[in-house]
Amino acid sequence: MTAAPPLNPQPDVVLVGAGVMSATLAVLLQELQPDLRIVLLEERGGAAQESSNAWNNAGTGHAALCELNYTPQRADGSVDISRALKVNTQFDLSRQLWASLVRSGAIPDADAFIHSVPHISFVRGAADVAFLGKRWEAMSAHHCFTGMEYAEDHAELARWMPLVMEGRDPNETVAATRMVSGTDVDFGALTRLMIAHLATKPTFTVGYGHEVTDVKRENGRWTVEAKDRASGRKQRLSTRFVFLGAGGGALPLLQKSGIPEGRGFGGFPVSGLWLRCDVPALADRHDAKVYGKASVGTPPMSVPHLDARVIDGNRALLFGPYAGFSTKFLKHGSNADLFLAIKPDNIGPLLAVGRDNMDLTKYLIGQVMLKPSQRFASLQEYFPNAKQAEWELAVAGQRVQVIMPDAKAGGVLQFGTEVVASGDGSLAAVLGASPGASTAVAIMLDVLARCFKDQLPGWTPRLQQLIPSYGRSIADDTDLCRQIRTDTASVLHLAEPAVSTAG
Ligand SMILES: Cc1cc2nc3c(=O)[nH]c(=O)nc-3n(C[C@H](O)[C@H](O)[C@H](O)COP(=O)(O)OP(=O)(O)OC[C@H]3O[C@@H](n4cnc5c(N)ncnc54)[C@H](O)[C@@H]3O)c2cc1C
C-alpha cells in the first residue's frame, strides 16, 4: 500500500468507517447540502470489508416478512405485529432512497445490488403451525402485508421451496407463509456504489488505509486523529461533526470521545459461521429466504435460515448462522478488543448482563462445541437431501451486541441498533447490528433529526423528493403504501405482492 495524499484538515463532517451506515449518511448529507466538505476515513484498503460485505451478512432485506422474532405471541395467544410493522415500513424508507439514487443515475443499475427473492417463514409441529396461522391472520389483515400467502399442503410448499420439502416425511405437520415481494440485498455492492458516486463530487474525499485512533473535543470542534497504515504517519482533522459508523469499531471510539451520553455502554461480540453452497444446479432450485423459528431461550440472531443469495450476478445458498465466541469487535479486529473496551463506567452493566443472560452463555457454549456433523444435521432440518460435500464452512461478520446501562437491572443486553449522540449533536455513533443494514436509512434519518435539528426544516423539501413518504406514515395510509411500493418496485425491478388489493 502506498502512502495516501494528505486529507483536508478542516472538513465540515468526518465519517469513520466505509460500511453501509457511513455511506448512507454521506449520500444523504451530500444530497441535502452539496457544499458540505465530507471526509470518510476507513482503515481497510477499500469499502465494505466488514459486516456490510455480502458474504459477511445474510443479505436479507429485512422487512419483517419472514422473521418470526418480530411477531411475538401474547399471553392470550394473539400475535403482536407492532414491531414487524415498524421494521417493515423502515425498509420502505431504504427502498425509496435507493430508488431515488437509481432514478437520478447516482446508482447506474439496481440489479447490481437488489433482487426479488420470496421471503418464507417455515415451521414444524402442531404448536408452531398454530402460531404461524394466527400470525398470518394478523399480518395479512394489514395493508402493509397484503399478499402474504399461507399453506400447509406439502405439494404447494414443494412448489414454493422444493429443496426444503424433498425427502421430508409426507406426514410431518408443517406450514409456511410466503411474500413474493421479499428481497436479497448485496449491501457490499450498495456501499461501494454509493461511495463511487460520492467520489465524483469535489466536496467528498475518502481516505482508505486510515485508521482513526482518537476522537477528542478541542475548542468547540472535534479533533479526529487518523493513522495512515502504509506510512504510519498521523494526521489530525478538525471538524464540526463526527459520525462513528465504524461497526464493531464504533464503541472504542465512542469511549475515546468521552461524551457523557456514551457512559456505561459496553459490547458483547458474537461471531458467526455459515454453511455455503455454490453448486449452480442447487442454487437455481432455491428461490427463497426460508426463516425458521429460534429454539426457546436462544437469542434472535440464532434464527436458522436457508437463503438464496445473488452476489456479483452469481446465485448461491447460505445456511446458518451458527454462533461462536470471539473477543474481536471486527472480523479483522484484535483479540484484545473486548478487554480494552472494559472501563470503570461499564463494568457494572457488563457484570449485570453476565449475571442475567445465562441462557445466552449456554447457547454460545453449545454452538462453539458443535461438531461438523451436528452443524450439518441442522441444515438437514431445512434441506433433508443436502450432501455434506456440497457445502463449505464460511466465517460471517462479527456482531457486537450492545450492553446498555439500566437503572433497574444495572445493565441490559440489547439485540437491536442504538444511535448514541452527544447532547449538542456534534457526534453520533451507531452501535449494534439488527435489523441492521436494511434499516440504514431510518437509522440515518434519526441521526439527522438528532444532530442537524437546525438544518432539518430547510432540508425537508429535498428529503421529501428523495424519500417521498418522509414525515408520513405508510403503516397508517393504505394508498400511500401502495403508491410507494409500486413506484419503488418498478425502479428497483422488484416483484409486487401476490395480491395487490389492500385490506
Ligand atoms: C452474521 C450477520 C448477518 C447479518 N445479516 C443481515 C441481514 O440479513 N440483513 C441486514 O439488513 N443486516 C444484516 N446484518 C447487519 C448488517 O450487516 C450491519 O448492520 C451493517 O453492515 C453495519 O454496517 P456498518 O456500516 O455500521 O458497519 P461495517 O460494515 O462493519 O463497517 C464499519 C467499517 O468501519 C471500519 N472501521 C472500524 N474501526 C475503524 C477505525 N478505528 N478507523 C477507521 N475505520 C474503522 C471497518 O473496517 C469497517 O469497514 C448482519 C450482520 C451479521 C454480522
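## A buried serine, a wrapped ligand and cysteines apart

At 0% relative accessibility, S121 counts as buried (buried means under 20% relative accessible area, exposed over 50%, and partly exposed in between, with a 1.4 Å probe and protein chains only). This is a predicted model, where local features need pLDDT of at least 70 and side-chain atom pairs count only at pLDDT 80 or more, while totals for chains, interfaces and linings use all residues. Residues are numbered from 1 along each chain as its sequence is written, and side-chain values use heavy atoms, with hydrogens and water left out.

Let's stay with S121 for a moment. You will find S121 in strand β4, residues 119-124 (helices, H or I with at least four residues, and strands, E with at least two, are DSSP runs numbered from the N terminus). Its side chain reaches the backbone oxygen of C66 at 2.9 Å. That is a polar contact: a pair of N or O atoms within 3.5 Å, where within protein one must be able to donate a hydrogen and the other to accept it, and residues adjacent in sequence count only if both atoms are side-chain atoms.

How many disulfides does the structure hold? The structure holds zero, a disulfide being a pair of cysteine sulfur atoms within 2.5 Å. For C66, the closest cysteine sulfur is in C144, 16 Å away, so the two are too far apart for a bond. C66 is buried, at 0% relative accessible area, and C451 also counts as buried, at 11%.

Now look at the ligand. Around the ligand there are 39 residues, of which E42, S52, T60, V212 and S438 come nearest (a residue is near a molecule or strand if one of its heavy atoms lies within 4 Å of it).

| Residue | Protein atom | Distance to a ligand oxygen atom |
|---|---|---|
| S52 | polar side-chain atom | 2.5 Å |
| G59 | backbone N or O atom | 3.3 Å |
| A437 | backbone N or O atom | 3.3 Å |

The protein covers 96% of the 1,000 Å² of accessible area that the ligand has on its own (areas come from the Shrake-Rupley method with a 1.4 Å probe; for residues, only the protein chains shown count as cover). Which element gives the most to the shell around the ligand? Strand β9 does, with three residues; α1 (20-32), β2 (38-42) and β9 (210-218) each supply at least two.

Three more residues are worth a visit. Q235 sits in strand β11, residues 234-239, and is buried at 12% relative accessible area. A polar atom of the Q235 side chain lies 3.0 Å from the backbone nitrogen of L7.

G267 belongs to strand β13, residues 266-277. G267 is buried too, with a relative accessible area of 5%, and among the residues in contact with G267, beyond neighbours within four places in sequence, are L251, F329 and I403.

Is D284 buried or exposed? D284 is exposed, with a relative accessible area of 54%, and its place is in the loop between α8 (280-283) and β14 (289-291). D284 and R472 are 188 residues apart along the chain, and their C-alpha atoms are separated by 39 Å.

Terms used. Contact = heavy atoms within 4.5 Å.
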